[in-house]
Amino acid sequence: MKDKIQKPKVATVWLGGCSGCHMSFLDLDERLIELADKIDLVYSPLADVKTFPNNVDITLVEGAVTNDENEEMAHTVRKHSRYVLSFGDCATTGNVTAMRNRFGNAELIDRAYRELADISNSVPNDHTLIAQLREQAIPLHHLIRVDAFLHGCPPTPDEIWFAINELLQGRIPVFNTQFLRYG
Amino acid sequence: MAVKTLTINGEQYSAQEGESILSVARQHNIPIPTLCHLEGLSTVGACRLCVVQIEGIPRLLPACTTKVEEGMVIQTANERLNKYRRMIVALLASEGNHVCAVCVANNHCELQDLAYSVGLVRVRYPYLFPNKQLDATHKDYVMDHNRCVLCTRCVRVCDEVEGAHVWDVAGRGINSEIITGLDYSWGNSQTCTECGKCVMVCPTGALFEKGVTVSEMEKKKGFLKYIITARQKKEWVSIGNE
Ligand code: SF4
Ligand code: SF4
Ligand code: SF4
Ligand code: FES
C-alpha cells in the first residue's frame, strides 16, 4: 500500500473578533477546493474539533486578546504551532475590539448587562462558564511572538491566499508593501 | 540671490539661498515624507518625518526647516532614516485611538499613507488608549481628538489664511491638545467663520464634516494654492477638483 503523504497542518483560531476575517477566508471560494488538496485543516471554527492539536504547521489567529480564555488560547497556539499569523486588524492592532479600552470594565459591563438590558439585568459572573474580560484588549503580538501580519478589516481573500501559499512554499510572507492596508 | 550647489542622493542640484532642503527635493521629485508641513502654511518642524541625513552632522535634521548650504551632501532615504520614520508613525499610532476600520478618513488619510510608505507592519509600543473627547457642538463640523496627531495645520491655516485664529495648542507633552478659543466648545466659538479650511487641511479623520460616515471624508486642499497665489502673484489659478 502507498504511504499517505503528510500534508501541512493548518489551523485557524477565533479570538476577540467579529468572525469577519474567517468570512473573508471563506471568500477564497473555488480556491478552497485547491487548498483542501494541499492542506489538512486540523482545527478551526469551521471544523468540529474540540482541542487544539500538537504540531500544527500554520495557525491563523483572528481577533484581539480580550479575555482570559483568549490569553490561554494564544499561548496554546504559540506552543503548538510552527508559524503563527496575526490574521486581520483586530489581531494586529486591537482595532474595533480594543475600542472598549478607554472605558473601565465595570462601566462597560454595567452598560451592556444593566443599562441596555431588556429582560434580566444581572451580570453573569460565573467565570468557569463565561470568560473574564481582561482590563484591556491587546494585539496578539503584544502577548505572544507572531511570525507574520495580515492587515485589513478584514484581509482580502487574495492576501490570505498569498500568505498561505508563501508558507506552504517555506517562505514567511512579507507584507511591508504589497497588501499593507489598515481598515 | 546667491545660488548654492548641493548633493542629494549622489546627484548634484543647485538651489536658491534660503531655500529649504524639502523645497529643493520637491522641485526635483525626490520623495521625502512629511506630515506637519503643508505648502502654503508656515513651517514648524514639529513631526520630524522629513528627517534627512547630512554628511558631517551627527544629528538627523528636518528637511522642511533646514536651509540649503553650499556643498551639503544629503541622503533622503536609507534604512536608518526609514527606521526613525517608522518609529515616529508607530508612536503617533500608539498615542491616539486610530481605528481605521470605522474612521471617516479611512483610505483618504495621510497617516495611513505614511504607515504604508514606511512599511509599518505592526506597532511594537504599547497602545496608550487615551481617554480623548469628541466635540460635535459645531453646526457643520466635528473635532475628534482621538485621531488628532497634533500637526497644528488647523491652527496655522485658521490663523494665517483665514485670519480667524480659532485654534490653539494647550497642555504639554502627552497632554497637549488642540483647543478652540480659550478652551470653549467649537460651537460656542465667537471667531469661527465656518469656512472649513481647518477640516480640509487636517491630514487625518480628526476634523470632518457632519453627515459623512466611514471612508467618506475626502480632503480637498486645492484652495490653499488658489488663495496663496492670488495673494502673492495677484493671479487666480485654476485648481480643478483638487
Ligand atoms: S479585523 Fe475587522 S473583520 Fe476582522 S475581526 Fe476585526 S472587525 Fe472583524
Ligand atoms: S485618522 Fe487615519 S490612521 Fe487614524 S483611524 Fe482614521 S484612517 Fe486610521
Ligand atoms: S485636528 Fe487635524 S490638523 Fe489639527 S492638529 Fe489635529 S491632526 Fe492636525
Ligand atoms: S514635515 Fe518636517 S518636521 Fe514635519
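A salt bridge is a side-chain nitrogen of Lys or Arg within 4 Å of a carboxyl oxygen of Asp or Glu. By that rule, this predicted model holds 16 salt bridges over all chains. Side chains of opposite charge can pair when their charged atoms come close.

Start in chain A, with a pair inside one helix. Arg111(A) and Glu115(A) meet through their side chains in a salt bridge, 2.7 Å from N to O. Both residues belong to helix 5, residues 105-115. They sit 4 residues apart, about one turn of the helix. Arg111(A) is partly exposed, because its relative accessibility is 43%. Glu115(A) has a relative accessible area of 53%, so this residue counts as exposed.

Lys221(B) and Glu110(B) form a salt bridge of 3.0 Å, N to O. Lys221(B) lies in the loop between strand 10 (207-209) and helix 6 (222-233), whereas Glu110(B) lies in helix 3 (residues 110-117), so the pair ties together parts that are 111 residues apart in sequence. Lys221(B) is partly exposed, with a relative accessible area of 24%.

Arg147(B) bridges to Asp144(B), and their closest N and O atoms are 3.7 Å apart. Is Arg147(B) buried or exposed? Arg147(B) is buried, because its relative accessibility is 11% and buried means under 20%. Asp144(B) is buried too, at 6%. Back in chain A, salt bridges with shared partners join Arg78(A), Arg145(A) and Asp147(A) into one network.

Next come the ligands. Cys153(A) is partly exposed, with a relative accessible area of 34%.

Ligand 3 has 14 residues around it. The closest are Cys148(B), Cys151(B), Thr152(B), Cys154(B) and Cys202(B). This shell divides into 11 nonpolar, 2 polar and 1 charged.

With these cysteines in view, how many disulfides are there over all chains? The count is 0. A disulfide is a covalent bond between the sulfur atoms of two cysteines. The count rests on a cut-off, because a pair of cysteine sulfur atoms must lie within 2.5 Å to qualify. Elsewhere in chain B, Cys103(B) is buried, with a relative accessible area of 8%.

Return to helix 1 of chain A, residues 20-26, where Met23(A) has its place. Met23(A) is partly exposed, at 44% relative accessibility. Together with Leu26(A), Leu41(A) and Leu46(A), Met23(A) makes a nonpolar surface patch of about 310 Å².

Finish with a residue away from solvent. Phe87(A) lies in strand 5 of chain A, residues 81-87. Phe87(A) counts as buried, because its relative accessibility is 0%. From Phe87(A) to Gln6(A), the distance is 25 Å, C-alpha to C-alpha. In sequence, the two residues are 81 residues apart.

Methods: Residues numbered from 1 in each chain as written. Chains lettered and ligands numbered in written order. Predicted model: local features only at pLDDT ≥ 70, side-chain atom pairs only at ≥ 80, totals over all residues. Heavy atoms only, no water. Patch = residues over 30% accessible without salt bridge, like charges linked within 9 Å, V, L, I, M, F, W, Y side chains within 5 Å. Areas by Shrake-Rupley, 256 points an atom, 1.4 Å probe, with all protein chains shown as cover. Helix = DSSP H or I, 4+ residues; strand = E, 2+ residues; numbered from the N terminus. Buried < 20%, exposed > 50% of the residue type's maximum accessible area, 1.4 Å probe, protein only. Near = heavy atom within 4 Å. Nonpolar A, V, L, I, M, F, W, Y, C, P; charged D, E, K, R; others polar.
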